Structures are given as structure tokens and as C-alpha cells.
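Hi,

Here is the structure I promised to pass on. Have a look, and my notes follow below.

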Amino acid sequence: MSGKRLRLSRIFGGDGRTVIVALDHGQFQGPISGIFDLPSTIEKIISGGPDALILNPGIVAKHADLLAGKTSVIVRITGASTSYSPSFDYHRLTTSVEYALSMGADAVIVMGFIGGPGESSSLELIGHTAEVCDKHGLPLIVEMLPQDPEHSADPKYISIGARAAYELGADVLKIYYTGKDSLSKIVDSVAIRVVIAGGPKDKDAFAMAREAIQLGARGVAFGRNVFQAEDPERCVKELVKIVHERCAGA
Ligand code: 5RP
């Protein structure tokens, strides 16, 4: 289907790789450090040359001028609760594929959870969203997580979650880096592109990106490690170098 092909080619570029920056945290964490003034963060990040940004619909609708002609846009269409929620809640659709499409989305992203009592509704959401995305030629990115954060990078969980999302119709997977011994097997078990999520700013994100690319990931989708960096623009430029320029020798 040409819609998906063309949109994916905008996100992944000529070498089939991508640097995505996630700027959708305000929906659940509020105005945290680095995104307090989101429009100015968007401008700084774009100066670094990312392939795409993950944004919530309200931000795309209100700040389209900052984005037009400068980067691809991935619209988050699920959400659950804020940091103040007393308990975990499963992501549900907070808007529609059609609305994301109307605002110019190059893809939509949904969150899926496995390993908890609500996983069936999470899988149902992925399947139904994949069907709607297919009708519109819009790529679906699924961010697949174990419900228990203790297991967020556990290859046993990620491997089943990745495969479930692939079989339910995801076009791209966003998963945490599971490590040298397991990532390439997970990547090889799904015939779709895999990008690596960032997580909190407590690691060497550049080293993780480098390793993940060598193990078959097609790029990164980092948030806090980029927008909470001392110099977010320089951080994006370094990621672009790692993901795109070094790929010939990777
Ligand atoms: C929001 C998300 C974000 O898209 C993103 O993955 C978080 O980015 P990071 O962990 O790299 O700060 O998951 O629910």
C-alpha cells in the first residue's frame, strides 16, 4: 500500500534508519524539566535534524507551524493516567486514527502492555487500531511494554510482546533495549522495523544506540535522554551520526 510506504520512507529515510525524539511526556508527567516550554524545545530538537517527533495531538494541532517541512510527525493516540494516579492503568485510545491523519500524521503510536490482567484489552486495541491504520495507509507504531516495570527490558517479556504486536498488525515496534545477548533474536523474530526506547536519563544513551544498531535495530526513539541533555540539539546531532552516518560500517 503506497500510503504506508511513502509515510514510512519519510520517517526512516534513505538508509532505512531513523532518529525519533519522543516529546509526549506532558500528557502523563506534566511540564517536566526539558519540556516546560515545549514549543521552544521542539525548535531546539528540530535544529539537530531528527527524522521524526512523537507528539500528542493537541501539540500538533496548535504548533503545526513549527513542524511543517522540518520533520515527520508521529501522533500518540493512546493515554491512560498521570503520575498522580494511585494505580497503573492500561492505555486506551484518547483520540482517533482519522483525527491524527487529519492533522498530517506520518504515523500513529499506541502503547501496549503484556503480563497483566488487562493485557487482552491492550492486544485488542492494537489489533483494531492496525485495521483502521491499514484502511488509511497510515503506519502503526506499537510501543510494547511489560506491565510490571521491573521487566521493562526483560527479553522474555519483550520477545512475546514484540511478536504479539507484529502478528496483530504493527508496522514498527518500539521496545526497550534488552541487551547484547537477546536483541538480535527479538529483531529477527519479527519482520518489521524495531526502534529502541530510551527510558530515564540514567545510562549512556549513545552507547546503547550504537549497540542496538549493530544488533539490528533500525533506530532510536529517545525522549528524556535527549530533551534533558545539557545541549539537546547536539545530542540529536550525535544520535543522527550514530544511527545514519555509521550505518555503512555497522
Ligand atoms: C510515553 C512514552 C514516550 O513515548 C517515550 O517512550 C518516553 O521516552 P523516554 O522514556 O525515552 O523519556 O513512552 O508514554
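How many cavities of 30 Å³ or more does the structure hold? One, where a cavity is a set of points on a 1 Å grid over the protein atoms alone at which a 1.4 Å probe fits but cannot get out, and lining residues have an atom within 4 Å of a point. Before you read on: this is a predicted model, with local features needing pLDDT of at least 70 and side-chain atom pairs pLDDT 80 or more, while totals for chains, interfaces and linings use all residues. Numbering starts from 1 along each chain as its sequence is written, and side-chain values use heavy atoms, leaving out hydrogens and water.

The largest cavity has about 30 Å³ of space. Its lining includes Met-144, Tyr-157 and Gly-161. Helix H8 (155-168) gives the largest share of that lining, four residues. (Helices are DSSP runs of H or I, at least four residues; strands are runs of E, at least two; both are numbered from the N terminus.)

Next, Asp-171, in the loop between H8 and strand S8 (172-175). Is Asp-171 buried or exposed? It counts as buried, because its relative accessibility is 16% (buried is under 20% relative accessible area, exposed over 50%, partly exposed in between, with a 1.4 Å probe and protein chains only). The Asp-171 side chain comes to 2.8 Å from the backbone nitrogen of Leu-140.

Finally, helix H3 (residues 38-47) has Leu-38, Thr-41, Ile-42, Ile-45 and Ile-46 as its buried residues. After H3 comes Gly-49, with a positive phi near 85 degrees.

Cheers

Notes
A polar contact is a pair of N or O atoms within 3.5 Å; within protein, one must be able to donate a hydrogen and the other to accept it, and residues adjacent in sequence count only if both atoms are side-chain atoms. On a 1 Å grid over the protein atoms alone, a cavity is a set of points where a 1.4 Å probe fits but cannot get out, and a pocket is an open set with protein on both sides within 12 Å along at least five of seven lines; lining residues have an atom within 4 Å of a point. Grid points are joined across faces, edges and corners, and a volume is the space filled by probe spheres set on the points.
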